[in-house]
Amino acid sequence: MPSVRSLCEITGLSKSTVLSAYDRLEADGLIEARPRSGFFVCYQLLNTIKLKAPDVSQPSLTPTPVSSDQVLVDIMQQGAAFDLLSSESHSDRKQKEPENLELRRCLARALRRQSYQEQLYYDNPAGLLSLRQQLAQRMALSGARVSADDLLITSGCQHSLLLALMATTSPGDLVALESPGFYGALQLLETLDLKALELSSDANTGISPEALALALEHWDIKALILTPTFATPTGSLMPDAHKRRILELTVARKIPIIEDDIYGELAFGVQSSRPRSLYSFEQELFETGDNKTQAVENKESRNTDMGTVILCSSFSKCLSRDLRIGWIAPGAYRAKIQRLKLVTSLASSQTQQLGLSEFLSSGGLNRHLRSLRERLQQQRVQLQVLINEHLPMAVSCSEPLGGLCLWLELPSNVDTIGLYAKARKEGIILTPGALFSSQSRYQNFLRISFSHHWSDERIAALKKLGELVTAYLDTNTEK
């Protein structure tokens, strides 16, 4: 909640009036006072707003050529991939997001310290050693045991996914992925002339191992793309038992899994533990045995087995969209992926890597994540309150435990692609559900993000969206 002083300035009310109002809200159990911190909305509010979760998806188990949509191009041009408003439309300049000054200082120092002579040379193909060492330490938080030599720096997670697909597939191959799934992955499949096989997924637990088992019986799948932790658009978190089962199904068939771990750092709450990566379970599978001899054989097998997990990630979702630094743990494909990196991007920015390495080593990311995770949890709760208030016609909504977005189902006769044009005229940017499938599915779904604070302008946009949906329903009912 705003501080007492800020609320007095905003409303023009006296300090005693504001304190009296806060006392009443606290007595009603709606907010709580924290010593030396201020007043906070109670998370218990969420218990009164239980929205039904979307049903398990039922995509057609048939390979599908992928085609992109102009709507996605427009969303990116507006800078609104995770916002209801375009990047240039904000009038609430006084209500900016919390600034990460520490990161900016680290990047500025790196630029000042870099000599002209250093700027004349390309970066090491693998990336800055000190940064890779820091990343190896962070991956340990997800249960993975890697060294700096096991990692390559890339130009973001999308670049990592591209390299992984180029290394594991050929044009015409079949790639399985969750449905609904990340539209960026679908774009890559289209670009590389690959076919998509969408698999049934649950909004809470992600891809169904049973659906994968059935698909493997009928189709020659060459690779599998998964986001086990807080997948977009649903925010699903895959149970550890499902991760183990998926590995059992793929390792024996030597099918590579491309793990998109970009949301892995965004578990809600200050004390939340970071979910284990699928990559770490694959290591566990190869590093356990009935005796030491078996364990050594398994460990050696992992170095040559082409069924390895390739982990891809970046800092764009947990730190900065503009910081185009990602990484990949390529496993058995290291040599091939390093060569592909040289072909597709040649080298990474040394200055950004140096600044980021300093930021990580100083503990800056941990401090940033502590506040970010709590803020995202609060913003998700607020979004659900707003949906309940302004979009009461919503059929169902996911309830993620981390990440950046909700998956919202509207009445079946709402076409969110058609709604996009109407909202666009009002300055509102939607992310229609149809973008998350290569099939004609999810036309009545929306992905709505809570990555930004709920300013008056964003609340007004969500309210206007509710009015547009209501008008859309009224028009279609009359027809």
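Predicted model: local features only at pLDDT ≥ 70, side-chain atom pairs only at ≥ 80, totals over all residues.
Visitor: How many disulfides does a search of the whole structure find?

Guide: A disulfide requires two cysteine sulfur atoms within 2.5 Å. For Cys157, the closest cysteine sulfur belongs to Cys312 and lies 5.6 Å away, too far for a bond. Across the whole structure, the number of disulfides found is zero.

Visitor: Is Cys157 buried or exposed?

Guide: The term buried applies under 20% relative accessible area. Cys157 has a relative accessible area of 5%, so Cys157 is buried.

Visitor: Which residue of E13 stands opposite Cys397?

Guide: Strand E13 covers residues 405-409 and pairs with E12 in the antiparallel sense over two bridges. Opposite Cys397, the residue in E13 is Leu408.

Visitor: How many residues apart are Arg458 and Asp83, the pair that links distant parts of the chain?

Guide: The side chains of Arg458 and Asp83 form a salt bridge with an N to O distance of 2.9 Å. Arg458 belongs to helix H17 (residues 456-478), whereas Asp83 is in the loop between helix H3 (70-77) and helix H4 (101-113).

Visitor: Which helix holds both Lys464 and Glu467?

Guide: The side chains of Lys464 and Glu467 meet in a salt bridge at 3.6 Å, N to O. Lys464 is partly exposed at 28% relative accessible area, and Glu467 is partly exposed at 40%. The two residues are three apart, about one turn, in helix H17.

Visitor: What separates Glu248 and Arg245 in helix H10?

Guide: Their side chains meet in a salt bridge of 3.4 Å, N to O. Because Glu248 and Arg245 are three residues apart in helix H10 (residues 240-251), the separation is about one helical turn.

Visitor: Which residues are linked with Arg109 in a network of salt bridges?

Guide: The count of salt bridges comes to twelve. In the network that includes Arg109, the linked residues are Arg113 and Glu358.

How values were computed
Residues numbered from 1 in each chain as written. Heavy atoms only, no water. Buried < 20%, exposed > 50% of the residue type's maximum accessible area, 1.4 Å probe, protein only. Pairing = 2+ DSSP bridges. Helix = DSSP H or I, 4+ residues; strand = E, 2+ residues; numbered from the N terminus. Salt bridge = Lys/Arg side-chain N within 4 Å of Asp/Glu carboxyl O.
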